[in-house]
Amino acid sequence: MSRVVTVHYTVEEDPDGGFSAAASLRPGSIAVGEGETREEAVNDLREALSVLIQESGIPDELAVEVA
């Protein structure tokens, strides 16, 4: 069974070149990706998140509608 998990992330440009992307699934459970470009960093983060989810499980989700 597959499931899509939506994860918010941040991307920062390194002053010395390259990019890093980071996301937290839950407190103390962080994944980081790096790359020469923003896209490479996000793709690396996607792979890191996949491994992290396999190790720690799918995070709880909550959808909130704001009017």
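Is glycine 18 buried or exposed, going by its relative accessibility? Glycine 18 counts as buried, with a relative accessibility of 15% (buried is under 20% relative accessible area, exposed over 50% and partly exposed in between, with a 1.4 Å probe and protein chains only). The views below show a predicted model, in which local features need a pLDDT of at least 70 and side-chain atom pairs count only at pLDDT 80 or more, whereas totals for chains, interfaces and linings use all residues. Residues are numbered from 1 along each chain as its sequence is written, and side-chain values use heavy atoms, with hydrogens and water left out.

**View 1. The whole chain and its confidence.**
From the N terminus on, the elements run β-β-β-α, which comes to one helix and three strands (helices, H or I of at least four residues, and strands, E of at least two, are DSSP runs numbered from the N terminus). The C-alpha atoms fill a box of roughly 40 × 35 × 20 Å along the principal axes, and buried residues make up 24% of the 67 residues in the chain. Of the contacts with a separation of 6 or more, 30% are between residues 24 or more positions apart (a contact means heavy atoms within 4.5 Å). The chain averages a pLDDT of 90, and 97% of the residues score at least 70 (pLDDT is the predictor's confidence in each residue, from 0 to 100). In the chain, confidence is highest in strand E1 (residues 10-13), at 98, and lowest in strand E2 (residues 19-26), at a mean of 93. Where pLDDT is low, the predicted coordinates should not be read in detail.

**View 2**
Strands E1 and E2 run antiparallel and are joined by four bridges (two strands pair if DSSP finds at least two bridges between them). Valine 11 stands opposite alanine 21 in E2, while glutamate 13 has phenylalanine 19 in E2 as its bridge partner. Five residues lie between the two strands of this hairpin, and glycine 17 in the turn has a positive phi of about 115 degrees.

**View 2. Glycine 18 and its surroundings.**
Glycine 18 is placed in the loop between E1 and E2. Neighbours within four places in sequence aside, glycine 18 is in contact with Glu12, Glu13, Gly35 and Glu36. Glutamate 40 is 22 residues apart from glycine 18 in sequence, and their C-alpha atoms are 9.2 Å apart in space.

Strand E3 (residues 29-35) has a covered face, formed by Ser29, Ala31, Gly33 and Gly35, and an uncovered face with Ile30, Val32 and Glu34. Serine 29 belongs to strand E3 and is buried, at a relative accessible area of 8%. Not counting residues up to four places away in sequence, serine 29 touches Ala23, Ser24, Leu52 and Ser56.

Threonine 37 lies in the loop between E3 and H1 and is partly exposed, with a relative accessible area of 36%. Its C-alpha atom is separated by 11 Å from that of glutamate 12, the two residues being 25 apart along the chain. Serine 50 is found in helix H1 (residues 38-56) and is partly exposed as well, at a relative accessible area of 37%.

**View 3. The largest pocket.**
The largest pocket holds about 310 Å³ of space (a pocket is an open set of points on a 1 Å grid over the protein atoms alone where a 1.4 Å probe fits, with protein on both sides within 12 Å along at least five of seven lines, and lining residues have an atom within 4 Å of a point; a volume is the space filled by probe spheres set on the points, which are joined across faces, edges and corners). The lining has 14 residues, of which Val5, Val7, Arg46, Leu49 and Ile53 lie nearest the centre of the pocket. By class, the lining has ten nonpolar, two polar and two charged residues (Ala, Val, Leu, Ile, Met, Phe, Trp, Tyr, Cys and Pro count as nonpolar, Asp, Glu, Lys and Arg as charged, and the others, Gly among them, as polar).
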